[in-house]
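I opened a new structure today and kept notes as I went. Here is what I looked up, entry by entry.

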Amino acid sequence: MRFTLVVMLFLLGTSSSGLAQEITSEFVLEESMKFHDPESKWSQVTLAIHIQEPRIQNPGRYSKLIMDMATGSFSLSREYEIGEVERIISDEGEAIVLVNGSANYSEEVKEEYRLASSRNEGYRTFYEMLGGFPMSLRSDLVKDFSRYSNEEVFGTEYFMIEFTLKESIISDRWQVYFSKKDYSVQALKFVHDDPDEEDEIVLFDGRYFWEGITIPRYRHWYLSESKEYLGSDIIVKEL
């Protein structure tokens, strides 16, 4: 099985009242997984979706994404000036990149569009993590969980869990924010330790339902302090 749900060993937040449910990072994650995947199907399903991914510098970007959670196979197709580029990881783990359906293209094209197949794993991990959080949180990706707290994002208070990744995905330090009503994932902050680089925050909105699982339909990207809009990821429809 490709995905392993993290068994939280870090009881980072506590409640002073013995009568109330103790709120810890472990409890919040467990409740969030119950909300998003009540029948624990994530590790056995295939997600096949059309995503619009407008960015300020590229408002027309879109992708076709297929992820088989059971086998680990992956396909991401996106249009470029040279045509359709498809990044593939097979059931056996073989990584290839096709341009208009062909693996035969020049080294110049490969370098200009960064088409090295070694990058496929990073794409897969990124789309898995953001597409299926918290179910997709794998123990082999996480270095440690550093803290739990109650924090505000753009004026709304959430449960927040911070953790450090073994290998950076945009950042190696993530802060994830959960609703205090139903424990659904509401926001994600990529923390940059460079003082000259502003943190990025992703706000989740809407709901996409498939095979008993609920994931956010919209992800809107902003700079954390200035609140400058950067782009969105929008699940349009099933492929």
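**Entry 1: around one tryptophan**

I started with Trp-174 and set aside its neighbours within four places in sequence. Trp-174 is in contact with Met-129, Leu-130, Ile-161, Glu-162, Phe-163, Leu-165, Ile-169, Leu-188, Lys-189 and Phe-190. I note that this is a predicted model.

**Entry 2: the cores**

Next I asked which residues touch the most other members of the largest nonpolar core. They are Tyr-127, Phe-163, Trp-174 and Phe-178. That core holds 48 residues. I also found a second, separate core of seven residues. Among its members are Met-160, Tyr-177, Ile-201 and Tyr-222.

**Entry 3: the sheet**

I then listed the secondary structure: the protein chain has three helices and 14 strands. An open sheet takes in 12 strands, with antiparallel pairing. I wrote down its order as β5-β4-β3-β2-β1-β14-β13-β10-β9-β8-β7-β6.

I looked at one pairing inside the order. Strand β1 (residues 46-52) and strand β14 (residues 229-238) run antiparallel and are joined by four bridges. Ile-49 has Glu-238 in β14 as its bridge partner.

**Entry 4: helices on the sheet**

Which strands does helix α1 touch? Helix α1, residues 25-36, packs on the sheet and touches β6, β7 (156-169), β8 (171-178) and β9 (185-191). The direction of α1 makes about 95° with that of β7.

Helix α3, residues 120-132, packs on the sheet too. I recorded its contacts as β1, β2 (62-68), β3 (74-80), β4 (83-89), β5, β7, β8, β9 and β13 (218-223). The direction of α3 makes about 100° with that of β3.

**Entry 5: the whole chain**

Last, I checked the overall dimensions. The C-alpha trace spans about 65 × 40 × 30 Å along its principal axes. The radius of gyration is 19 Å. A compact globule of 239 residues would have one near 18 Å, so the chain agrees with that expectation.

I noted that 49% of the 239 residues count as buried. The accessible surface comes to about 12100 Å², and carbon and sulfur atoms account for 47% of that. Among contacts with a separation of 6 or more, 44% come from residues 24 or more positions apart.

Technical notes. Residues numbered from 1 in each chain as written. Predicted model: local features only at pLDDT ≥ 70, side-chain atom pairs only at ≥ 80, totals over all residues. Heavy atoms only, no water. Core = buried A, V, L, I, M, F, W, Y, C linked by side-chain atoms within 4.5 Å. Buried < 20%, exposed > 50% of the residue type's maximum accessible area, 1.4 Å probe, protein only. Contact = heavy atoms within 4.5 Å. Pairing = 2+ DSSP bridges. Helix = DSSP H or I, 4+ residues; strand = E, 2+ residues; numbered from the N terminus. Axes fitted to C-alpha atoms, helices over the stretch in contact; angles between N-to-C directions. Rg over C-alpha atoms; globule rule 2.2 N^0.38 Å. Areas by Shrake-Rupley, 256 points an atom, 1.4 Å probe, with all protein chains shown as cover.
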